[in-house]
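Subject: Structure for your review

Dear colleague,

Please find below the structure that I am handing over to you, together with its sequence.

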Amino acid sequence: MRLSELDPLIPIIKLREELLKLPKGYSFYEDELVDFLSRRRWPESDRRIDRTTFWRWRNDNDIQHQKVFSRLDVLKLCQICDHYRIDGTRSEYLAIMKKKQEVVLNK
């Protein structure tokens, strides 16, 4: 499966279901992922996410520097993409991530 075959606005839950159908260890290349995220971020235009933005999103989700991404990485990056698509800010996103981390640590 290629990400380009999917509707870029597929809900995260449906995307997760599609990704779970893939063989364990299946991965996506950076260019394909950036194309998908660009279409998800700006579905009405041909704008493209620049590398700096992509790297920041990756760093904000603790995704290691790499050129190949896992299914979980795709889901994390789609979540941050959706946050920005609805006019969320970076500080809001980082606060959400911090709260999630605190919940995990408190368990």
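The notes below set out what was found in this structure, which is a predicted model.

The nonpolar core

The largest nonpolar core holds 25 residues, and those that touch the most other members are L15, L33, L37, F54, W57, V74 and L77. Two or more residues of this core come from each of α1, α2 (30-41), α3 (51-60) and α4 (71-85). The greatest share is that of α4, which gives 7 residues.

Helix α4

With 15 residues, α4 spans 21 Å from its first C-alpha to its last, close to the 21 Å expected at 1.5 Å a residue. The helix is mostly covered, as 11 of its 15 residues are buried.

After α4 comes D87, which has a positive phi near 70°.

The packing of α2 and α3

The axes of α2 and α3 approach to within 11 Å and cross at roughly 95°. Angles of 65 to 115 degrees count as roughly perpendicular, so α2 is roughly perpendicular to α3. On the α2 side the contact is made by E30, D31, L33, V34, L37 and R41, and on the α3 side by R51, F54, W55, W57 and R58. By class, this contact has 6 nonpolar and 5 charged residues, with no polar ones.

M1 lies in the segment before α1 (12-20). Is M1 buried, partly exposed or exposed? Its relative accessibility is 27%, and M1 therefore counts as partly exposed. Apart from neighbours within four places in sequence, M1 is in contact with L6, E18, L19, L22, Y26 and F28. Between M1 and F54 there are 22 Å in space, C-alpha to C-alpha, and the two are 53 residues apart in sequence.

Yours sincerely

Key
Residues are numbered from 1 along each chain as its sequence is written. This is a predicted model: local features need pLDDT of at least 70, side-chain atom pairs count only at pLDDT 80 or more; totals for chains, interfaces and linings use all residues. Side-chain values use heavy atoms; hydrogens and water are left out. Helices (H or I, at least four residues) and strands (E, at least two) are DSSP runs, numbered from the N terminus. Buried means under 20% relative accessible area, exposed over 50%, partly exposed in between (1.4 Å probe, protein chains only). Contact means heavy atoms within 4.5 Å. A nonpolar core is a set of buried Ala, Val, Leu, Ile, Met, Phe, Trp, Tyr and Cys residues joined through side-chain atoms within 4.5 Å. The expected span of a helix is 1.5 Å times one less than its number of residues. Axes are lines fitted to C-alpha atoms, for helices over the stretch in contact, and angles run from 0 to 180 degrees between N-to-C directions. Angles under 35 degrees count as roughly parallel, over 145 as roughly antiparallel, 65 to 115 as roughly perpendicular and the rest as oblique. Ala, Val, Leu, Ile, Met, Phe, Trp, Tyr, Cys and Pro count as nonpolar, Asp, Glu, Lys and Arg as charged, and the others, Gly among them, as polar.
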